[in-house]
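Let's take a friendly walk through this model, one local feature at a time. Have the viewer ready and follow along.

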Amino acid sequence: MIKDKSTLLKVSILFLAIQLVLIFQLNNLGQSSYARSIMTTTSFWMLYTFLEARYGFYMNTYVRGIAILSLLCDSFFGSYLDFYQTSFTFDKLLHIFGSYSVSLFAYILAVQLLRHPLSRPFKFIFILSLGLSLGAFYEILEFLTDTISHPTPVSQPSLLDTNLDLIGDLIGAMIAAIHGTYRTFMNPNF
């Protein structure tokens, strides 16, 4: 956990600066759909950061780092360097890594609301379920975005892409569930 608010502020400003540069560069290159995608994810991350600082949420430094890394990989490699269009494997690997980081991130946030410790088997199922649910939700959002706004390039070019993304989400969530079950990211009771 970043206990010092000034360190949290510095990390947030650096992340925001990188994302803003990428948004402007993508707009200059005529890739407005990628720029909008980065604006959306950056806005959600900044909202979370504000809420964390305001209400004292706990977030493990490692999990914060891998969550930021997955967002930066999406924006820089996927969008700016256009790996989403030029590399078949990049999207699949990012789904694995992204699902891993988002599963642990969601788990740490969710257990702060619980009143009782989780058993190892339930912790495993809980983390896996969070990762799979968020992955499926993301695929639904991609479908809706493609259907409603017709971005170029499309997020889901085929059913094969969607199914492989969901398999990547399963692998990432499974790794997160194993890691989260046997590693304490916060209070040992959770």
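**A loop residue, then a helix pair**

Aspartate 82 counts as partly exposed because its relative accessibility is 24% (buried is under 20% relative accessible area, exposed over 50%, partly exposed in between, with a 1.4 Å probe and protein chains only). You will find aspartate 82 in the loop between α3 (61-80) and α4 (83-86); helices here are DSSP runs of H or I with at least four residues, numbered from the N terminus. Its phi is positive, about 65°, although aspartate 82 is not a glycine. Most residues other than glycine have a negative phi.

A word on the source: this is a predicted model, where local features need pLDDT of at least 70 and side-chain atom pairs count only at pLDDT 80 or more, while totals for chains, interfaces and linings use all residues. Residues are numbered from 1 along each chain as its sequence is written, and side-chain values use heavy atoms, leaving out hydrogens and water.

Now turn to helix α5 (residues 88-111) and helix α6 (residues 120-149), which pack at an angle of about 120° with their axes 8 Å apart; axes are lines fitted to C-alpha atoms over the stretch in contact, and angles run from 0 to 180 degrees between N-to-C directions. α5 and α6 are therefore oblique to each other (under 35 degrees is roughly parallel, over 145 roughly antiparallel, 65 to 115 roughly perpendicular, the rest oblique).

Arginine 120 also lies in α6. With a relative accessible area of 49%, arginine 120 is partly exposed. Its C-alpha atom is separated by 9.8 Å from that of isoleucine 178, 58 residues apart along the chain.

Key: Helix = DSSP H or I, 4+ residues; strand = E, 2+ residues; numbered from the N terminus.
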